[in-house]
Amino acid sequence: SQSVAEAELLSKKGGYSDENEQEVECTPEALDAAEQYDPDMQSNMECLAHTSDVNIVVAWNNDIKNPKMFKKEGITVSQQAVNVRNLAKDYENNYDMEHGEGFDVVVVAYFSGVDWLRKTSDQANQDFINNEVLKRGIKIYACQNSMKAKGLKLADLIDGVSTVPAGVTAVVDFQGRGRTYIVP
């Protein structure tokens, strides 16, 4: 069993012990990022154990914008898309994992989340979803019920988006297949 002193020392090194009492240290990239942001953060940071087979279903269901993504007024990007990109980047950069090899994310867009997938959304938003989400191999599914309610056809959506009959049912189905459900 790990002593309190050992745990405190390990925490100061930027890591922790997992349930098997094995030392887990943060990657150099994670420590460097913490140092650049806030030098005091490094001594208080805990990193996840390297893991594999992380399967996640993310729900996009709101119209929350990320106004700070771009410096120009009026350009909007979906905050939920930014969160998915950040999730993928964290696994890639800090845990040395690749999408499809170690972790897999799917997105189910329903209700207001479908609006971010329109070809008529801000070009910056479309580019962000294409370059930061779809190009990583993250699959996006749009809810057909939400599309019908909004009068949308598949041709109205960004290329690369697939559909499911009902978004909420798809989320439940993905959870039943062992995916962790998050709503960022």
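Reply: In this predicted model, the buried residues of α6 pack against β3 (54-60), β5 (102-109), β6 (139-143), β7 (162-164) and β8 (180-182). Helix α6 itself spans residues 167-176. Its buried residues are G167, A170, V171 and F174. They cover an arc of only 105° around the axis, so they sit on the same side of α6. The other side of α6 has V168, T169, V172 and G176, which are exposed. After α6 comes G178. The phi of G178 is positive, near 95°.

Now the cores. The largest nonpolar core has 38 residues. Within this core, W60, L117, I129 and I140 touch the most other members. Several elements give two or more residues to the core: α2 (28-37), β3, α3 (79-95), β5, α4 (123-133) and β6. Among these, β3, β5 and β6 are also packed against by the buried residues of α6. The most comes from α3, with 7 residues.

Neighbours within four places in sequence are left aside here. I129 is then in contact with W60, A81, W116, L117, L134, I140 and I158. Of these partners, W60, L117 and I140 are named with I129 among the residues that touch the most other core members.

There is also a second, separate core. This one has 11 residues, including V108, Y110, Y141 and V164.

Notes: Residues numbered from 1 in each chain as written. Predicted model: local features only at pLDDT ≥ 70, side-chain atom pairs only at ≥ 80, totals over all residues. Heavy atoms only, no water. Buried < 20%, exposed > 50% of the residue type's maximum accessible area, 1.4 Å probe, protein only. Helix = DSSP H or I, 4+ residues; strand = E, 2+ residues; numbered from the N terminus. Arc of directions from axis to C-beta. Contact = heavy atoms within 4.5 Å. Core = buried A, V, L, I, M, F, W, Y, C linked by side-chain atoms within 4.5 Å.
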